[in-house]
Amino acid sequence: MCGPASKVGFALRAGLRALSMRCPLCGARGVTDRWITVRPRCLRCGLRLDRGETDYWIGAMLFNLIAAESLFAGGVLAILLLTWPDPPWDALYWGSIVGMVVLPVVTYPITKLVWLAFDLVFRPPQAEDFAG
C-alpha cells in the first residue's frame, strides 16, 4: 500500500469482506468454524486471524457493543416514528430485552472480522502474521 487512496480502497474492500464473513485480507470464505468461533488462520492465505495476541478480541467486543446498541436504538426509533402517537410500549419493552440479548450474539462473528479488517488497515500484515 503506497498512498492514502490505496489505503482507503483496501479499507473499503477489507470492511466489505468482513461484513460478508470472509477473510478481510484475501476474501476467502470459511473463516468461521461455528457461528461464534473464528478459525485460527485463513484457509487460503494463512493469515493468523487473532494476530497472535491473547487479548486481541477486546476491540471486537467494543465493535460488537457499538453495533448492537446502534441497531437497537435505530429499531426503537423507527418503531416510535412509525407508530406515533400510540407506540406499543409493552412490545417495545419486551422486544428491547430480547433485542439486547440476541443482537450481540448475532453480530459477534461479524464484528470480530470487522475488527480484524480495521486492524489490518492500521497494522498491515507482517511475516509473523503468516508464520506457523
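## Surroundings of Thr111

Leaving aside neighbours within four places in sequence, Thr111 is in contact (heavy atoms within 4.5 Å) with Ala60, Phe63, Asn64 and Ala67. The model is predicted: local features need pLDDT of at least 70 and side-chain atom pairs count only at pLDDT 80 or more, while totals for chains, interfaces and linings use all residues. Residues are numbered from 1 along each chain as its sequence is written, and side-chain values use heavy atoms, with hydrogens and water left out.

Thr111 lies in helix α3, residues 89-122 (helices are DSSP runs of H or I, at least four residues, numbered from the N terminus). The side chain of Thr111 reaches the backbone oxygen of Tyr108 at 2.9 Å. With 6% relative accessibility, Thr111 counts as buried (under 20% relative accessible area, with a 1.4 Å probe and protein chains only).

## Aromatic cluster

The structure holds seven aromatic pairs (rings of Phe, Tyr and Trp, the last by its six-membered ring, with centres within 6.5 Å). In one of them, the ring centres of Tyr56 and Trp115 are 6.3 Å apart and the planes stand at 55 degrees, so the pair is tilted (planes under 30 degrees apart count as stacked, over 60 as edge-to-face and the rest as tilted). Tyr56 belongs to the loop between α1 (4-19) and α2 (58-83), whereas Trp115 is in helix α3, 59 residues apart. Ring pairs join Tyr56, Trp57, Phe63, Trp115, Phe118 and Phe122 into a cluster.

## Cysteines

Zero disulfides are found in the whole structure (a disulfide is a pair of cysteine sulfur atoms within 2.5 Å). The sulfur of Cys42 is 3.5 Å from the closest cysteine sulfur, that of Cys26, which is too far for a bond. Cys26 counts as buried at 18% relative accessibility, and Cys42 counts as buried at 4%.

How values were computed: Buried < 20%, exposed > 50% of the residue type's maximum accessible area, 1.4 Å probe, protein only. Helix = DSSP H or I, 4+ residues; strand = E, 2+ residues; numbered from the N terminus. Polar contact = N/O pair within 3.5 Å; in protein donor to acceptor, adjacent residues only side chain to side chain.
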